[in-house]
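Thank you all for coming.

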Amino acid sequence: MSAQTRGMGIWSYAERLPRIAEQHRVTLGEGNAPLVRSSRIGETIGIPNLYFKLESLNPTGSYKDRIAALMLSLAREHGKDACIGTTSGNAGASIAAYAARAGIPYHVYVQENIVPSKLEQILVHRAQVYRVKGMGFDPHIGTQVFETVLAKAKANNWEPAVTAFAYAPLAMEAVKTISYEIREQLGAPDAVFVPVGGGGLFAGIHKGFADLHAEGAIARLPRMAACQSAGCANLANAWKQGLSKPLPGGSTSLISGIQVSSPPDADLVFAALKESRGNAYALQDEDTWLWQERLAVEEGIFCEPAGAIGLAGAAKAAREGTIGPDDKVVIVVTGAGFKDVQRTKAMTDQIQVPFIEANDM
Ligand SMILES: *Cc1c(COP(=O)(O)O)cnc(C)c1O
């Protein structure tokens, strides 16, 4: 790979990331996600200073590309023969693309209920895919799959390709670049609303702001708002009860990307909530779908459901009064609408499209 990455996307923060020789860096143009101000919804919900961080615009349609770029670069830097991981869809699509680019084989174990369009996105890049029974519903199977992947990685000189600090701490450092970009685009927000599945995204964004705070680059830490589906709210419900261990229980959530009932970065999530004086929200799937639709109709932003749950959380926080009209709030829109074609169909199948002759226009 040629030295074309200097100053590009996550690589413009190379000095803040694990050291990767220039010739080992893998890139597809990840990062550099726009931060756009809300044109309508912010005023309506009582948060006039509302911003959307469009991670949906990354090369494969989710912020996971930041992690995958660093992960495959690490695999090259460390001379790994392959990578192996688990996914609910988006990490798989990202890592499959970056593995193809790096010329490294990728073995991936996917959730039983993976969204078909996400599975196809992984297969397009010819990753070796296995679909695992019960993964995505049953926390024990989730943990077992994580552990098996880690053991196989160790035994074979393979890169563990799981997008969680608990399994791939170096690659996860790439998530901090989201916070660095927000700082440059806006300064420090008062609050950041983030979808939470495994918790790595949430923890990484907090870590990025904590770095900036420690350096004196921002005056205070943004309050971190963790948004989970009520059908898989092991962290949010524990937080509300004053606990700092996830509650047991499986997932009945229909929101792809955050159906993680054994969140590997739970401890980091609770620490970030405490340190940032944050809050956690459990949102009904119907509520998230509604905000997904409103983002499309009122803001022109087409995201997958997980990308809208942050907005569902912010709307709830505004209703409850924990976020006020003076707060500068960022919603991390994590994934693109085209990723979940089933959902797009459900959003539009009531709409009649007249089929007409050109003469009848
Ligand atoms: C992975 C993912 C999340 C959740 O990230 P975690 O680190 O698992 O909490 C949220 N939204 C989208 C679109 C994702 O792909």
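This is a predicted model: local features need pLDDT of at least 70, side-chain atom pairs count only at pLDDT 80 or more; totals for chains, interfaces and linings use all residues.

By class, how many nonpolar, polar and charged residues does the lining of the largest pocket have? The lining has 5 nonpolar, 6 polar and 2 charged residues, where Ala, Val, Leu, Ile, Met, Phe, Trp, Tyr, Cys and Pro count as nonpolar, Asp, Glu, Lys and Arg as charged, and the others, Gly among them, as polar.

Residues are numbered from 1 along each chain as its sequence is written, and side-chain values use heavy atoms, with hydrogens and water left out.

Back to the pocket: its volume is about 180 Å³, and of the 13 residues that line it, Val115, Leu254, Ser256, Gln259 and Gln342 lie nearest its centre. The search runs on a 1 Å grid over the protein atoms alone; a pocket is an open set of points with protein on both sides within 12 Å along at least five of seven lines, a cavity is a set of points where a 1.4 Å probe fits but cannot get out, and lining residues have an atom within 4 Å of a point. Grid points are joined across faces, edges and corners, and a volume is the space filled by probe spheres set on the points.

Val115 sits in the loop between strand E4 (106-111) and helix H4 (116-124); helices (H or I, at least four residues) and strands (E, at least two) are DSSP runs, numbered from the N terminus. Val115 counts as buried because its relative accessibility is 7%, buried meaning under 20% relative accessible area, exposed over 50%, and partly exposed in between, with a 1.4 Å probe and protein chains only. If we do not count residues up to four places away in sequence, Val115 touches Ser256, Lys339 and Asp340, contact meaning heavy atoms within 4.5 Å.

Leaving aside neighbours within four places in sequence, Ser94 is in contact with Thr60, Ser62, Lys64, Asp65 and Ala68.

Now to the strands. Why is strand E2 (residues 50-54) described as largely enclosed by the rest of the structure? The description holds because 5 of the 5 residues of E2 are buried. In a regular strand the side chains alternate between the two faces of the sheet. In E2, Leu50, Phe52 and Leu54 point one way and Tyr51 and Lys53 the other way, and all are buried.

E2 pairs with strand E1 (residues 35-37) in the antiparallel sense over 3 bridges, pairing requiring that DSSP finds at least two bridges between two strands, and Tyr51 in E2 is the bridge partner of Arg37. E2 is also joined to strand E10 (residues 329-333) by 5 bridges, and these two run parallel, with Phe52 opposite Ile331 in E10.

Strand E9 (residues 279-283) is mostly covered, with 4 of its 5 residues buried. E9 pairs with strand E8 (residues 223-229) in the parallel sense over 5 bridges, and Tyr281 in E9 is the bridge partner of Cys227.

Finally, two loop residues. Asn157, in the loop between H5 and strand E6 (158-160), has a positive phi of about 55° although it is not a glycine, and at 34% relative accessibility Asn157 counts as partly exposed. Arg277, in the loop between helix H10 (266-275) and E9, has a positive phi near 50° and, at 61% relative accessibility, counts as exposed.
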